[in-house]
Amino acid sequence: MAGRGTVKAHGGFNANNDAEVLFKAMKGLGTDEDAILQLLIARSNAQRQEIKAAFKTLHGNDLVDNLKSELGGKFESLIVALMTPPIMYDVTCLRDAIKGAGTDEKGLIEILASRLPNEVNEIKSLYKREHNDDLEKDVTGDTGGNFSRMLVVLLQASRQQGIQEDLIQSDAQALLAAGEQKYGTDEGQFITILGNRSNAHLRRVFEEYRKLSGYEIEESIQRETSGTLQEVLLAVVKCARSVPGYFAESLYNAMKGAGTDDQKLIRIMVSRSEVDMMDIRAEFRKRFATSLHKTIQGDTSGDYRKALQLLCGGDDA
């Protein structure tokens, strides 16, 4: 996946120079938002951390605090997100999802279903360091039933590696017996298999499942489960099929219809900008007969739009 992001490290990088540009952009009356967004999006996250350190050394101020006092609204949220180290950003999003008013189940699902096992382990330890709380405890305290069980399985970050040829057939049969062939549903089987097998293994299981049952696994999950459990199982299936495909669909849903889910839009555009945004764009184009760039254009405005389009990195018309 290396190099599939739209945001790359800047070649002639000089943290002190960048810190000065940002200082000037915020000095005096008015703020030069354009200068801020053009500079920050043309730097990698690691470089932004160096700029932050240089800014404090040169001016004795915290760059993020200054940005917050100069900017506002969704544009401010986006810039602050860009200034946060990736694992720290996931920790912040999870904390907000749990500790905010009500639980943001969709936020929990998106992060825990799509991150790699090593990332989940880093998230857990940083969450503990930052908040002195156990992420798993906080998640189970805020969710219930089979949904909670599935999130706990994902938090173990112990997906098996590779494809286990001898299990493909039996996994597919177990899923069929737990759902379509049973009166009621054995959710536990879905949780165990979908939560513990590798993506490559699951893709083979889904193929086998279709041969055995005549159904796509998604159809069976929709019939056999409901609510948040259904949402998390479908997210895991979509990520097993294609992580960029999952995010393309999530972005489309964040912008389609009346109103925009800006929280989700910011979260995905920022967190995938250095990972797989090129692939997300390609999947978006393939699935929705329009480009991500155009969809952002029609759904947002101002500096916020300009920044999102730069993160998108180009129009696949």
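Predicted model: local features only at pLDDT ≥ 70, side-chain atom pairs only at ≥ 80, totals over all residues.
Helices here are DSSP runs of H or I with at least four residues, numbered from the N terminus, just as strands are runs of E with at least two. Residues are numbered from 1 along each chain as its sequence is written, and side-chain values use heavy atoms, with hydrogens and water left out.

Back to Asn66. Its relative accessibility is 18%, so Asn66 counts as buried; the cut-offs are under 20% relative accessible area for buried, over 50% for exposed, and partly exposed in between, using a 1.4 Å probe and protein chains only. Set aside the neighbours within four places in sequence, and Asn66 is in contact (heavy atoms within 4.5 Å) with Met26, Phe55 and Asn61. Leu22 is 44 residues away from Asn66 in sequence, yet their C-alpha atoms are 9.8 Å apart.

Now for the greasy part. A nonpolar core is a set of buried Ala, Val, Leu, Ile, Met, Phe, Trp, Tyr and Cys residues joined through side-chain atoms within 4.5 Å. The largest one has 96 residues, and those with the most contacts inside it are Leu67, Met150, Leu194, Leu251, Met269 and Leu292. Helix H15 (residues 227-241) supplies the largest share of this core, nine residues. Take Met269: beyond its neighbours within four places in sequence, its contacts are Leu251, Met277, Leu292, Ile296, Leu308, Leu311 and Cys312.

On to the charges. Side chains of opposite charge can pair when their charged atoms come close. Counting a salt bridge as a side-chain nitrogen of Lys or Arg within 4 Å of a carboxyl oxygen of Asp or Glu, the model has 24 salt bridges. One of them joins Arg267 to Asp104, with the closest N and O atoms 3.8 Å apart. Arg267 is in helix H17 (residues 262-271) and Asp104 is in the loop between helix H6 (86-99) and helix H7 (105-114), so this pair ties together parts 163 residues apart in sequence. Arg267 is buried, at 5% relative accessibility, whereas Asp104, at 24%, is partly exposed.
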